[in-house]
Amino acid sequence: MSTGAIIVIAVVAAVVLIALLALMPRMRERGRARKEERDLQKRREQAASRHREEADSRIASAEAAERRARIAEREARRERAEAELHKERATASELGLADEEILGTRESARWADTTTAPDAELATGRDSEGGLLGRFAREQETTGRRS
């Protein structure tokens, strides 16, 4: 080989070596940036996973709370219905329509002939003058007559 070829090879090798040395920091920086990007992406995925787990947990908790609320609402409706039933029974007792429950069938038959108010007055709870029926006062009058 001639001296000129060796010089050309040496110059080319020196240029390549200088180019590599000049590009090495850039290549390292790119590698570091890629690694940081991968780390950041991994952290993002972990954070998203934690948030999804928390969301799932809260959804399950909310569904359980809604279930408990529905049960409580149904219990409240049942209590309200029982209260209305007791109100109706109280009204029936006041009007004398539930004497069988109070006195039993034998005693209610005995009291049936002492009632002087017409059935319409018993149903409305008012006498012919428009006043309230005094069931207990009437019972006292009838028992007073008997004694």
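1. Where does H1 bend, and which proline follows within four residues? In this predicted model, the bend falls at Leu-23 and amounts to about 35°, with Pro-25 as the proline that follows within four residues.

2. Helix H1 covers residues 3-94, and its end C-alpha atoms lie 133 Å apart, which agrees with the 136 Å that its 92 residues should span at 1.5 Å a residue. After the helix comes Gly-96, a residue whose phi is positive, near 80°.

3. Val-8, which is found in H1, contributes together with Val-12, Val-16 and Leu-20 to a nonpolar surface patch of about 340 Å².

4. The count of salt bridges comes to six, and one of them joins Arg-32 to Glu-29, with the closest N and O atoms 2.7 Å apart. Because these two residues are three apart in helix H1, about one helical turn separates Arg-32 from Glu-29. Arg-32 is partly exposed at a relative accessible area of 43%, and for Glu-29 the value is 43%, again partly exposed.

5. A salt bridge also links the side chains of Arg-58 and Glu-54, at 2.7 Å from N to O, and these residues sit four apart in helix H1, about one turn of the helix. Arg-58 counts as exposed at 60% relative accessibility, whereas Glu-54, at 38%, counts as partly exposed.

6. Further along, Arg-78, Glu-79 and Glu-82 are linked in a network of salt bridges, in which the side chains of Glu-79 and Arg-78 meet at 3.5 Å, N to O. Glu-79 is partly exposed, with a relative accessible area of 45%, and Arg-78 is partly exposed at 44%.

Technical notes: Residues numbered from 1 in each chain as written. Predicted model: local features only at pLDDT ≥ 70, side-chain atom pairs only at ≥ 80, totals over all residues. Heavy atoms only, no water. Patch = residues over 30% accessible without salt bridge, like charges linked within 9 Å, V, L, I, M, F, W, Y side chains within 5 Å. Areas by Shrake-Rupley, 256 points an atom, 1.4 Å probe, with all protein chains shown as cover. Salt bridge = Lys/Arg side-chain N within 4 Å of Asp/Glu carboxyl O. Expected span 1.5 Å × (residues − 1). Bend = angle between axes of the 7 residues up to and from the residue. Buried < 20%, exposed > 50% of the residue type's maximum accessible area, 1.4 Å probe, protein only.
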